[in-house]
Amino acid sequence: MSDRKLTIEYNDRIVRQFLIATLIWGAVGMLVGVLIASQLNFFKLNFSLPWLTFGRLRPLHTNAVIFAFVGNMMFGGVYYSTQRLVKARLASDFLSNLHFWGWQAIIVAAAITLPLGLTRGKEYAELIWPINIAVAVIWVVFAVNFFWTLAKRNEPSLYVAIWFYIATIITVAMLYIVNHLSIPTSLTHSYPVFAGVQDALVQWWYGHNAVAFFLTTPILGIMYYFVPKAAERPVYSYRLSVIHFWSLVFIYIWAGPHHLLNTALPNWLQMLGMTFSLMLWAPSWGGMLNGLLTLRGAWHKLRTDPVLKFFAAAVTFYGMSTFEGPLLSIKSVNALGHYTDWIIGHVHAGALGWNGFMAAGMVYWLLPRLWNKPLHSTSLANLHFWIGTVGILLYVAAMWTSGITQGLMLNATTENGTVLAYPNFLDTLNTIRPMMLMRVVGGGLYLTGWILLAYNFIRTVSGAQAVDGTVEVFVEDHPEQKPLGLFGTFLNPPVVFTGLGLVFACSWLFGGAALQILGITGTALCVILAFVHYQAKNSGWGEWYDRLLVNIAPFTVLVFIAVVIGGLIQIIPTVIMNRASNVEDRIEIPYTPLELAGRDIYVREGCYNCHSQMIRTLVSDVLRYGDYSRLGESIYDHPYQWGSKRTGPDLAREGGKYPNSWHFNHMENPRSMSIGSNMPNYPWLYQNKTDVAALTSKINVLRKLGVPYPEWSADDIAAQVATQSKTIADDLKASQAYVAQDREIVALIAYLQKLGKSQPVTPTVASAKAAKP
Amino acid sequence: MPAESSKAPVPRHGPSSRATALITPNRDSVTTIREDGSRRFLHPADVQGRFTTVRRASALALIAIYLALPWVKVGGYPAVFLDVAERRFHLFGWTLAAQDLWLLFFLITGLGFTLFLLTSLFGRVWCGWACPQTVFLEHLFRRVERWLEGDAHNRRALDAAPWNAIKIVRRGAKQLVFLVLSAGIAHLFLAYFVSIPNLWGMMCQSPGEHWGLFLFVAIATGILYFNFSWFREQLCIVICPYGRLQSALIDDNSLIIGYDSTRGEPRGKAGSAGAGACVDCNRCVQVCPTGIDIRQGLQIECIGCAACIDACDQVMTRLKRPTGLVRYDSTEGFLGRRTRWFRPRTAFYCVMLTVGGAVALWAFSGVRPASMSVTRMQGAPYFVAADHVRNQFLVRVVNKTTSPARYVITASDLPKETKVIGGEEPLEVGPMAEELRPLIVEVPRDHYTGTGRFQFEVNVQDQAHTFELKRQVQWVGPDPELLKEDASAK
Amino acid sequence: MSTPLNPNSLNEEPVRPHSYDGIREFDKRLPNWWLLTFYGTIVFAIGYWFYYAHTSLAPSPNAAIEAKMAQIQSTKLASSPVLDDDVLWKMSRTASMVEAGAATFKSTCVSCHGEKLTGGVGPNLVDQTWIHGGRPTQILATVTNGVAAKGMPTWGPVLGGKRISEVVSFILSKHDPAEPGMGAQTASTNPYNQP
């Protein structure tokens with residue numbers, strides 16, 4: 001063995017850049033958050049300007065904090081820790097720089113397009129298709145840079161943090177690409193290929209796992225590096241790392257449907273969503289336990305070290321929100337909490353407490369090391385912590401109170417449960433108005449804390465000399481010791497038992513009678529065999545796993561298999577089965593061209609941020625909004641607009657509820673019709689002309705996607721638009737509401753009046769489909 | 001921080017043979033989780049002393065309060081009666097409606113800030129002294145255990161003993177008592193939401209009559225029983241978020257329970273040369289209900305119960321040495337410096353508490369014995385008649401008092417000669433009931449000018465004019481100019 | 001405060017042989033109760049799935065909501081008798097019904113229809129002209145569903161069935177089945193209508 005001594009200089013410049021970006025985008029994202037929270041209180045803060053309305057800025061807030069703030073923080077943390085954990089400099093400076101600048105360009109593009117109303121209309125996936133492609137490309141750049149670095153590593157074995165990074169990179173790529181599949185109708189507009197229930201399922205498969213694999217797994221990896229570093233303590237349990245990593249990445253993917261409980265989503269998916277969310281509790285807490293018990297040995301240091309304070313609090317908040325998550329996934333709890341501020345409180349406990357505090361702890365720990373200068377002020381960092389905790393307390397307490405109060409009021413009935421106790425939605429909204437103010441105070445305090453960090457950052461960095469870390473390694477000149485190969489990867493007890501067990505379990509879940517019996521016996525047999533195997537051979541899976549850890553490709557393949565299963569099992573049946581011909585009961589009538597134009601305005605203005613279009617199978621929903629929504633009633637909706645929050649009432653059956661003139665007055669000034677409403681004014685809808693020209697390519701794309709539109713020419717479409725808009729404008733005129741028929745408000749009214757209009761499905765089709773899903 | 005004692009490692013095994021059964025905490029593992037992952041039960045030794053006495057007294061007082069709140073009546077209702085079914089919340093004679101439920105916020109944040117302040121000043125006093133988990137566990141369940149199974153030594157012996165008749169009877173009796181106590185606590189908890197008489201009424205009926213509540217109590221009993229008989233301090237170590245946040249909330253000037261290593265180290269038998277005050281008797285470890293050695297510094301498990309203080313003081317007194325080797329003090333205090341009670345942080349919390357209190361007071365004083373809302377009647381936003389333009393509203397008045405009341409509805413700031421129909425007769429609303437009243441506003445076309453957009457006010461007063469509720473309402477109508485053109489065109 | 005023991009002395013606890021950038025790992029067992037929680041949720045999931053997917057004990061969400069709504073419907077019907085013209089006429093001759101109806105009318109309807117029912121914003125209810133039909137069930141339908149174009153609100157969800165039938169009884173008490181348009185001849189066609 002001829003070992004060479006080598007000095008490696010890490011690329012810490014890129015880490016510094018990402019930290020600075022984190023600082024800036026964190027402040028921007030939180031500032032937008034405070035603004036939109038204020039808009040909920042004071043509608044005038046929408047300024048009656050299109051690009052400043054809540055519906056357009058809320059996507060900006062979510063995208064900014066997820067992809068800009070946490071994204072940059074994650075990239076910085078991943079690059080810093082990975083280089084050190086594998087003792088290698090990042091593979092390519094060019095790719096690193098491309099990654100950084102490409103990501104910043106994407107953020108800027110998002111910050112411009114979202115306020116302009118250019119959106120795909122799906123939460124956390126609002127960016128338009130050219131930006132989607134850019135995101136995918138930059139993500140691949142990140143992946144290549146990362147795996148290339150791993151390939152050049154001087155540390156044969158992979159540390160647990162790296163496992164989490166690998167899971168993040170491959171899963172986010174998969175989620176992002178599938179949920180962004182769309183067909184463009186113009187340079188800035190596209191329709192997603194999925195519609196209705198399929199789109200909802202894919203969306204929350206993505207949306208939920210954006211939380212899982214963008215906001216959780218990379219941050220857990222960062223926790224596994226920075227917490228033991230800062231605490232100067234060993235990690236509490238390696239085997240806990242193994243178990244919670246694999247169970248987390250496998251189970252998380254399945255839990256997406258818990259965002260769609262009690263909706264028109266097929267019940268088997270809802271059941272999977274609920275049960276897998278419950279199963280997720282222990283794996284999530286495994287991560288929390290490992291972080292917490294790692295800190296335990298350094299508990300006395302928490303009093304003085306702000307870094308450890310932030311980490312301890314972050315881990316605690318991670319535990320709280322991963323406890324609350326499964327709780328909210330229980331169908332009956334969800335019936336109360338869903339669509340209310342409780343959910344907002346839940347995500348902010350995670351975002352502010354877990355992500356924000358991990359970011360702060362990491363920044364405070366990194367600053368002195370990257371700029372070779374002590375932190376400007378430890379007491380300011382402590383103050384940041386105190387203000388941050390108070391901010392979270394106010395924010396979360398306000399949202400819990402608000403959500404539970406509104407949920408109880410909306411669900412309350414009187415007269416033996418036959419009549420709603422609060423039939424007027426606004427009564428419930430105005431009850432929680434004070435809480436909306438308190439959340440602004442809480443969020444404002446949290447932002448103040450972040451600004452303290454920014455000040456501390458700038459003071460620390462100014463005049464300091466940036467330093468790059470170095471390490472001396474002994475390169476061993478021999479090939480990889482224990483290549484695993486195909487055989488070693490798959491044909492070994494842990495993988496075989498798990499794989500077979502899963503196959504049998506799935507055949508039990510989904511199979512017919514014979515398959516079910518086979519499945520249940522097979523699953524039981526696998527469990528027993530595995531148990532016997534490991535009892536008999538005392539060594540267990542440790543040795544094989546140690547070998548796996550020095551083989552990146554097999555490891556990555558296994559991770560990919562683990563994360564792909566849940567999605568395949570949930571999405572493929574739904575995409576195949578829920579075609580128009582399979583729909584029971586009722587089916588949507590395709591939109592007329594004018595209604596479609598109105599729908600695109602609805603999407604553009606981000607109405608889905610506050611209004612759902614989904615009447616759940618709950619008594620209170622049905623009493624309030626009408627018959628529960630059927631799966632077929634949104635089957636032509638590209639994108640689906642079921643929504644996830646009801647700041648305003650549900651609109652699934654809005655059509656015909658009010659006269660045209662009501663909507664006309666309401667959109668101009670919602671308070672004129674709904675006393676106490678906090679909805680923005682939309683005066684520009686009365687000026688802008690409906691974009692009829694774009695309808696031709698839109699309808700062509702929708703026809704390609706399976707919406708039964710005849711082959712209309714541009715003139716056909718224009719004629720239809722003209723006829724329908726004239727009818728509406730005339731009706732408005734009869735109620736002394738005067739508007740030209742080519743204005744957007746007319747199209748929007750056409751759309752709103754169409755909501756809930758469906759046709760019955762002929763019984764023959766329905767009976768053919770009477771079998772179980 | 002003085003770390004000179006690193007020379008004196010804690011022995012992995014105790015000095016005497018009996019001590020081998022005792023715990024030997026270290027900093028790397030959790031005492032209550034054994035190496036094979038199983039649960040290690042703690043058998044804290046008996047302890048006497050001033051803190052224990054005061055703590056027991058305060059715990060009994062707290063239990064008395066928990067019991068009294070749903071029993072004692074204030075103003076016709078139990079002192080605390082959260083009537084979820086009727087959506088009325090009775091607090092010490094005050095009744096709040098669902099519309100006031102948001103005031104709960106002040107309870108949560110008030111509790112939060114108080115906890116922050118108390119922790120920054122006194123460490124985990126809440127955990128050790130007032131948390132229901134500690135109060136019930138230490139002063140109810142562990143007392144039962146002590147009574148039925150004897151002291152720590154006997155309990156350990158019983159643990160080790162084979163399952164003979166005596167052990168089965170003793171353990172069975174204990175579990176039975178635990179189960180009964182858990183059921184009692186679960187019922188007490190429910191009483192806060194249904195009131196004692198209703199609870200009693202339901203208990204006399206078959207479970208099938210109130211299936212949901214029965215299930216709730218059954219599950220709550222199960223959870224409480226599991227917690228108090230088995231889970232115990234694991235809740236504080238792993239589950240409770242406050243337990244985990246506490247050290248982050250403590251700073252160098254906060255009171256904590258600590259060991260004065262300057263005085264205590266090096267440990268040694270009394271009288272041996274060069275030995276410090278600590279005789280390494282391990283009493284502090286034996287009495288600890290969470291299984292730590294306080295001499296290893298403040299740890300995640302410490303709930304601040306002060307048992308080790310009393311234990312050490314007792315030993316020190318017997319040895320005729322000054323007490324306080326283990327004591328309440330701040331990090332600064334242990335270093336021989338003065339504890340700063342007033343710090344920017346405590347001041348900040350005080351300010352937040354005061355501001356919060358003021359806002360809460362303002363919010364509570366804003367709670368009126370009634371509430372009202374104005375909505376538009378469904379249908380067209382306005383109606384144009386030959387001589388007037390009409391808007392129609394519904395006024396909903398909620399009477400939150402326990403007696404019927406009459407309310408006067410008026411509208412103001414309207415154009416001249418506007419007719420307001422609906423306010424002629426006062427609206428009578430039964431106790432705790434809600435009532436609707438249409439309010440029709442007709443603006444004569446002659447006086448319908450300008451932009452056609454104006455705000456007016458709807459007022460609801462009780463008949464005695466003791467309070468007034470107001471709502472700003474937006475008038476809606478056609479553009480007056482266009483309406484005129486339209487009219488002249490016809 | 002005291003840190004008597006060097007926190008980095010590992011007390012002979014077993015540490016994994018590897019060190020990553022100085023980070024070492026214990027290999028401690030997980031608390032068994034944590035593992036059992038995990039297994040417990042898996043067992044629950046299996047049981048839950050079995051109960052809902054493989055037994056016929058639990059109705060589907062759609063069937064459940066249909067059943068609940070049907071139950072509400074029957075509760076509504078139970079709280080008021082099957083309403084047809086005849087029953088409503090009978091109710092209008094029942095003093096307690098009419099009194100309750102008068103109270104509701106006074107607080108809710110007087111604004112538009114006048115204290116003496118002679119009309120105002122809304123039409124006269126004591127004359128013999130019925131814009132939306134004068135048969136008792138037609139009046140009931142008008143009150144329940146409203147007349148959006150004229151400004152008569154939908155009272156059904158606001159007042160509930162019982163109070164509406166009382167109000168209609170009150171209005172009918174001012175009329176006689178023999179009046180034109182009030183449809184006495186259609187009464188008693190429903191065999192179930194025994195009050």
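Visitor: At what angle do α22 and α28 of chain A cross?
Guide: In this predicted model, the axes of helix α22 (residues 593–604) and helix α28 (residues 744–754) of chain A cross at roughly 100° and come within 7 Å. Since angles of 65 to 115 degrees count as roughly perpendicular, α22(A) is therefore roughly perpendicular to α28(A).

Visitor: Nice. Which residues of α22(A) and α28(A) meet there?
Guide: From α22(A) there are L594(A), E595(A), A597(A), G598(A), R599(A), I601(A) and Y602(A). They meet E744(A), A747(A), L748(A), A750(A), Y751(A) and K754(A) of α28(A).

Visitor: And how does the contact of α22(A) with α28(A) split by class?
Guide: Eight of its residues are nonpolar, one is polar and four are charged.

Visitor: Let's zoom out. What domains does chain A have?
Guide: The assignment gives domain 1 (4–475) and domain 2 (588–768) for chain A. The C-alpha centres of these two domains of chain A lie 34 Å apart.

Visitor: How many residues of domain 1 and domain 2 of chain A are in contact?
Guide: On the domain 1 side there are 42 residues, in contact with 49 residues of domain 2 of chain A. At least two residues each come from α2, β3 (190–192), α6 (196–213), α14 (378–411) and α15 (425–431) of chain A on the side of domain 1 that touches domain 2.

Visitor: Which element gives the most to that side of domain 1 of chain A?
Guide: That would be α2(A), with five residues. By class, the side of domain 1 of chain A that touches domain 2 has 20 nonpolar, 16 polar and six charged residues.

Visitor: Let's stay on α2(A), then. How does α2(A) pack with α3(A)?
Guide: Helix α2(A) packs with helix α3 (residues 93–113) of chain A at an angle of about 170°, and their axes are 10 Å apart. Angles over 145 degrees count as roughly antiparallel, so α2(A) and α3(A) are roughly antiparallel to each other.

Visitor: Who makes the contact between α2(A) and α3(A)?
Guide: On α2(A), L60(A), N63(A), F67(A), A68(A), G71(A) and F75(A) take part. On α3(A), the residues are H99(A), W103(A), I107(A), A110(A) and A111(A). The contact of α2(A) with α3(A) has eight nonpolar, three polar and no charged residues.

Visitor: What about α2(A) against α13(A)?
Guide: The axes of α2 (residues 54–85) and α13 (residues 341–371) of chain A come within 11 Å and cross at roughly 40°. The two helices, α2(A) and α13(A), are therefore oblique to each other. Their crossing is left-handed.

Visitor: Which residues of α2(A) and α13(A) are in that contact?
Guide: V65(A), V70(A), M73(A), G77(A) and Y80(A) are the α2(A) part, while A351(A), N355(A), A359(A), M362(A) and L366(A) are the α13(A) part. They divide into eight nonpolar, two polar and no charged.

Visitor: Changing topic: how is chain B divided?
Guide: Chain B has domain 1 (1–68 + 123–336) and domain 2 (370–489). The C-alpha centres of domain 1 and domain 2 of chain B lie 63 Å apart.

Visitor: How many residues of chain B are in contact with chain A?
Guide: There are 48 on chain B, in contact with 52 residues of chain A. Elements that each supply at least two residues to the chain B side include α2 (104–122), α15 (344–365) and β16 (468–474) of chain B. By class, that side of chain B has 26 nonpolar, eleven polar and eleven charged residues.

Visitor: You mentioned β16 of chain B. What is the strand order in its sheet?
Guide: The order is β13-β11-β15-β16 (chain B), an open sheet of four strands with antiparallel pairing. The edge strands are β13 (427–429) and β16 of chain B, each pairing on one side only. From one strand to the next, the twist averages 25°.

Visitor: How many bridges join β15(B) to β16(B)?
Guide: Seven bridges join them, and the two run antiparallel. One pair is V458(B) with R471(B) in β16(B). In the hairpin of β15(B) and β16(B), with five residues between the strands, H465(B) takes a positive phi near 55°.

Visitor: And where is the bridge partner of I409(B)?
Guide: The partner is V460(B), in β15(B). Strands β11 (residues 405–412) and β15 (residues 455–462) of chain B pair in the antiparallel sense over six bridges.

Terms used:
Residues numbered from 1 in each chain as written. Chains lettered and ligands numbered in written order. Predicted model: local features only at pLDDT ≥ 70, side-chain atom pairs only at ≥ 80, totals over all residues. Axes fitted to C-alpha atoms, helices over the stretch in contact; angles between N-to-C directions. Parallel < 35°, antiparallel > 145°, perpendicular 65-115°, else oblique. Left-handed = near helix turned anticlockwise from the far one by under 90°. Contact = placed C-beta atoms within 7 Å. Nonpolar A, V, L, I, M, F, W, Y, C, P; charged D, E, K, R; others polar. Domains from an automatic or database assignment. Pairing = 2+ DSSP bridges.
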